[in-house]
Structures are given as structure tokens and as C-alpha cells.
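Hi,

Here is the structure I promised to pass on. Have a look at it first, and my notes follow below.

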Amino acid sequence: MAYSDKVIDHYENPRNVGSFDKGDESVGTGMVGAPACGDVMKLQIKVNPDTGVIEDARFKTYGCGSAIASSSLVTEWVKGKTLDEAAALKNSEIAEELALPPVKIHCSILAEDAIKAAVQDYKAKHGAAAPAAA
Ligand code: FES
Ligand code: FES
């Protein structure tokens, strides 16, 4: 299967690989697994507590090229976004940007789930009620 140039680029030059301290008050952590293939993705956001804007992001992904590219892309996209804007990110936008083929759509869903989980984790840490499921 041919990967798109954007997938290859993010795979070979992944942005924002690494971790923040999970216990840091300004950090939200999302860790999700794909039942279909067993891949695991950890995505973290660092939030400015005054503005609620995401200032930085990190990821670690054990998975295929599309999963790595999806998480790399998401860490770039969420910087400068509010928590709600980040949580509204759709896997279809990721899949479109990376030109993922149908069998790789679940890799982008993993990234959407991971960013939602990270926002959720940050909100839970700060006592915000969980948003109703969309
Ligand atoms: Fe997950 Fe491809 S099946 S790495
Ligand atoms: Fe399973 Fe990509 S995350 S094949």
C-alpha cells in the first residue's frame, strides 16, 4: 500500500515526540488503544490555565505509519487551540489531510480519541464536569 507524502513526512520527521510529566497540573494525558490492531497512542497537551489555550503537545505512538502521522499532525494542529476546539477535531479532517486510505481510517480515529481523552483528563483534573457525549 502506498502512503501519501504527508504520511511519510510525519513518519520520518515526527513532530513533538515525547512526554510531559503526567502529574503536572497543566498537562492533560490521553492514552488510547485500537482494538482492531493493538496499536497504542499517548497524546498529551500542556494548557495555559489562565486562557485555557493549548500551548504545547507531545505524543508517543506504538503503531503503524498512519497512526504515527495522525498523532504527529494532531500535536501540531492543537497548538493555539482552546480545549473545546481541540476536542472538536474530527478524524475525517486528519484522514483528509493525510490522504489515508479506507483501511487506515481507524488510525486517524485513534488520534481523535487520544486528543479527546487528553482534553477530558485535563478538565477532570481541574474539576470541570465531563462534557456530554457527542
Ligand atoms: Fe497497527 Fe498496522 S496494524 S501497525
Ligand atoms: Fe492500526 Fe494504524 S493504528 S493500523
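Over residues 2–127 the chain is 44% helix and 19% strand, with its end C-alpha atoms 45 Å apart. Helices (H or I, at least four residues) and strands (E, at least two) are DSSP runs, numbered from the N terminus. UniProt lists that stretch, 2–127, in an unreviewed entry as "domain: NIF system FeS cluster assembly NifU N-terminal"; UniProt positions are given in the numbering used here, feature names are shortened, and annotations may be inferred rather than shown by experiment.

Some housekeeping. This is a predicted model, where local features need pLDDT of at least 70 and side-chain atom pairs count only at pLDDT 80 or more, while totals for chains, interfaces and linings use all residues. Residues are numbered from 1 along each chain as its sequence is written, and chains are lettered from A and ligands numbered from 1 in the order in which they are written. Mean pLDDT (the predictor's confidence in each residue, from 0 to 100) is 93 for the protein chain, and 94% of its residues reach 70 or more. For the complex, the predictor gives a pTM of 0.89 and an ipTM of 0.72.

On to the strands. β1 (residues 27–33) pairs with β2 (residues 40–47) in the antiparallel sense over seven bridges; two strands pair if DSSP finds at least two bridges between them. Val32 sits opposite Met41 in β2. Six residues separate the strands of this hairpin, and Gly38 there takes a positive phi near 85 degrees. β2 is also joined to β3 (residues 54–62), again antiparallel, by eight bridges, with Leu43 opposite Phe59 in β3. That hairpin has six residues between its strands too, and Gly52 in the turn has a positive phi of about 70 degrees.

Next, helix α5 (residues 105–125). Its 21 residues reach 31 Å from first C-alpha to last, close to the 30 Å expected at 1.5 Å a residue (the expected span is 1.5 Å times one less than the number of residues). Its buried residues include Leu110, Ile115, Ala118, Val119 and Tyr122. Buried means 20 or more other C-beta atoms within 10 Å of a residue's own, exposed 12 or fewer, and partly exposed in between, with C-beta atoms placed from the backbone. The buried residues of α5 pack against β1, β2, α2 (65–78), α3 (83–87) and α4 (91–98). After the helix comes Gly127, with a positive phi near 75 degrees.

Most residues other than glycine have a negative phi. Asn16, in the loop between α1 (5–12) and β1, has a positive phi of about 60 degrees, and with 18 C-beta neighbours inside 10 Å Asn16 counts as partly exposed. Ala99, in the loop between α4 and α5, has a positive phi near 55 degrees; with 13 C-beta neighbours inside 10 Å, Ala99 counts as partly exposed.

Cheers

Technical notes: Two residues are in contact if their C-beta atoms, placed from the backbone, lie within 7 Å.
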